[in-house]
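Here are some friendly notes to read with the model open beside you. Please take the points in any order you like.

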Amino acid sequence: MLLASHTGEPLEAGLDEAGRGCLAGPVFAAAVILPPDFAPRYLNDSKQMTAKRREQVRAEICQEAIAWAVAEASPQEIASINIAQASYLAMHRAADQLRPLPTHLLVDGNRFRPHASLPHTCIIGGDAVYRSIAAASVLAKTFRDERMRELALEYPEYGWEQNAGYPTTAHRAAIRDFGPTEHHRMGFRLL
């Protein structure tokens, strides 16, 4: 059973990212403030959910959350500042969009670049512990997957609608055969 809060503050926001280990596409992050009684039946770490369940729970989160936001950092930003810093940048962008502003950030993982005005707590495996982080993981994953499906229409040879930019054998073969696109992360080992 996922926990409702870490601090007990009503405007605690969960943060998570998606797409950190991909070869292509932006890294996405989401920030979510949930009502204390929000507990959808299937909410979990997004990696433990089917695509259909993620979409179902995404709709519930978007309808019931006190506030939610999704943001991204581009492949060019990833190349410029590195993937870790780009992930933090996307998280900051998401948190800054929340209205009302959160009073505390609950971040999935063990590292985070402190926000200028918001205290934070890092929780390793937090998407399997706290509802707000699980909700953020669902939004980050579903919105990123949606973006990769859109990009796949422009670049069908890379299979992004299936691999979401992750380093599958087929994706690496497509890079070898067709070369990288402007959506590939040139600082990453593509082959």
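Predicted model: local features only at pLDDT ≥ 70, side-chain atom pairs only at ≥ 80, totals over all residues.

1. Which helix gives the most to the lining of the largest pocket? The answer is H4, with four residues. The pocket itself has a volume of about 200 Å³ and a lining of 15 residues. If you want to find its centre on screen, look for Glu17, Ala18, Gly19, Lys47 and Tyr166, which lie nearest to that point. Two elements give two or more residues to this lining, namely strand S1 (12-18) and helix H4 (131-154). Sorted by class, the lining holds eight charged, four polar and three nonpolar residues.

2. Next, the aromatic rings. A pair of rings is described by the distance of the centres and the angle of the planes. The whole structure has six aromatic pairs. In one of them, Tyr155 and Trp160 sit 5.8 Å apart, centre to centre, with 50 degrees between the planes, and the pair is tilted. Tyr158 and Trp160 make a stacked pair, because their planes meet at 20 degrees, and planes under 30 degrees apart count as stacked; their ring centres are 5.3 Å apart.

3. Taken together, ring pairs link Tyr155, Tyr158, Trp160 and Phe178 into a cluster. Are Tyr158 and Trp160 buried or exposed? Both are buried. For Trp160 the relative accessible area is 1%, and for Tyr155 the value is 16%, so Tyr155 also falls under the 20% that marks a buried residue.

4. Arg53 lies over the face of Tyr42, 3.4 Å from the ring centre. Arg58 does likewise with Phe143, at 3.7 Å from the centre of that ring.

5. His92 belongs to helix H3, which covers residues 83-97. With a relative accessibility of 10%, His92 counts as buried. What is His92 in contact with, once neighbours within four places in sequence are left aside? The list is Phe112, Arg113, Pro114 and His115. Leu190, 98 residues from His92 along the chain, has its C-alpha atom 28 Å from that of His92.

6. Most residues other than glycine have a negative phi, and most peptide bonds are trans. Here, Arg99 and Pro100 are joined by a cis peptide bond, with omega about 5 degrees. Pro100 is found in the loop that runs between H3 and strand S4 (104-108).

7. Asn82 is not a glycine, yet its phi is positive, at about 90 degrees. This residue is in the loop between helix H2 (75-81) and H3. Asn82 counts as partly exposed, at 41% relative accessibility.

8. Ala164, another residue other than glycine, also has a positive phi, near 55 degrees. Its place is the loop between helix H5 (160-163) and helix H6 (169-178). Is Ala164 buried or exposed? At 8% relative accessibility, Ala164 counts as buried.

Definitions and conventions. Residues numbered from 1 in each chain as written. Heavy atoms only, no water. Buried < 20%, exposed > 50% of the residue type's maximum accessible area, 1.4 Å probe, protein only. Contact = heavy atoms within 4.5 Å. Phe/Tyr/Trp six-rings, centres within 6.5 Å; stacked < 30°, edge-to-face > 60°. Lys NZ or Arg CZ within 6 Å of the ring centre and 35° of its normal. 1 Å grid on protein atoms, 1.4 Å probe; cavity = no way out; pocket = protein on both sides within 12 Å on 5 of 7 lines; lining within 4 Å. Points joined across faces, edges and corners; volume = space filled by probe spheres on them. Nonpolar A, V, L, I, M, F, W, Y, C, P; charged D, E, K, R; others polar.
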